[in-house]
Amino acid sequence: EGTIRFDDVHFHYDADRPILKGISFEVPAGRTVAIVGPSGAGKSTISRILFRFYDITGGSVTIDGHDIRDVAQESLRHAIGMVPQDTVLFNDTIYYNIAYGRPSASRDEVEAAARLAQIDGFIAHLPEGFETEVGERGLKLSGGEKQRVAIARTILKSPPILILDEATSALDTHTEKEIQTALGAVSRGRTALVIAHRLSTIIDADEIIVLEKGRIVEKGTHHVLLARG
Ligand code: ADP
Ligand code: ADP
């Protein structure tokens, strides 16, 4: 369930400036495909198109054979889980930040998601910037830890399709490893599109697509692309 297909997709925000110039690729159900490329290449635009924040100007995008123009935005938001780069945490414990939007989730389910994302040590705390009624300060979380809160939220939501926007900021190697372990846990068995800025940060993709200036310039497996440099 959840095969994504882009067929000769064209897109522009402003008519005089094409952003996607005829891109075609498939993410087969249950597989992970990564899109890498320099900033401005059009990577995030692809995820916005999948949520139908913007309609394409040519070609077609389908999920399981259905043109997404015929799918309600609401259904897409249920089917697609997004782990963003920057997560804003609200004034409640990390536990409730994870359980957000899932009132029926049990304590066991929330804790299991936190464990998979490796943030189970923090769930009783408020995030930085907030304090409890007795004046206890919230916890300062690193960018990587915040992203793991978003990962736990997505694990709990358990959508068939995932979009993972990998952190661009310079993370130390240890943090990068922890995030990748967590991303591996959330993407297992799902259809996943990983947006990454550097080839070196991707570990587990079945296929890697290199996007430059709105065109796919290369497709291949990790070791083939690394070998070519
Ligand atoms: P990437 O994720 O690869 O860094 P984006 O998909 O975010 O690239 O952006 C691709 C290009 O589209 C960039 O040149 C960017 O400036 C432009 N762009 C992004 N969003 C908008 C917008 N809302 N209006 C006009 N141009 C935009
Ligand atoms: P649900 O509909 O499953 O209860 P939400 O409506 O809060 O949950 O969000 C649905 C999905 O849409 C989430 O995975 C969320 O990350 C994603 N989403 C919501 N807004 C945006 C946005 N502006 N950009 C990208 N993804 C978004």
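The model is predicted, local features need pLDDT of at least 70, side-chain atom pairs count only at pLDDT 80 or more, and totals for chains, interfaces and linings use all residues. Residues are numbered from 1 along each chain as its sequence is written, chains are lettered from A and ligands numbered from 1 in the order in which they are written, and side-chain values use heavy atoms, leaving out hydrogens and water.

**Stop 1: strand S3**

Select residues 32–36, which form strand S3. Helices (H or I, at least four residues) and strands (E, at least two) are DSSP runs, numbered from the N terminus. Five of the five residues of S3 are buried, so the strand is largely enclosed by the rest of the structure. Buried means under 20% relative accessible area, with a 1.4 Å probe and protein chains only; over 50% is exposed, and in between is partly exposed.

Show the side chains. In a regular strand they alternate between the two faces of the sheet. Here Thr-32, Ala-34 and Val-36 point one way, and Val-33 and Ile-35 point the other way.

**Stop 2**

Two strands pair if DSSP finds at least two bridges between them. Ile-35 stands opposite Ile-195 of S8.

**Stop 3: ligand 1**

Select ligand 1 and the 14 residues that surround it, each with a heavy atom within 4 Å. The closest are Arg-17, Gly-40, Lys-43, Ser-44 and Thr-45. Helix H1 (43–50) supplies the largest share of this shell, four residues.

Look for polar contacts (pairs of N or O atoms within 3.5 Å; within protein, one must be able to donate a hydrogen and the other to accept it, and residues adjacent in sequence count only if both atoms are side-chain atoms). A polar backbone atom of Gly-40 is 2.7 Å from an oxygen atom of ligand 1, and one of Gly-42 is 2.9 Å from an oxygen atom of ligand 1.

**Stop 4: ligand 2**

Finish at ligand 2. Residues around ligand 2 include Phe-51, Phe-53, His-78 and Arg-102. Strand S6 (80–83) gives the most to the shell, with three residues. A polar side-chain atom of Arg-77 lies 2.9 Å from an oxygen atom of ligand 2. For Met-82, a polar backbone atom is 3.2 Å from a ligand 2 oxygen atom.
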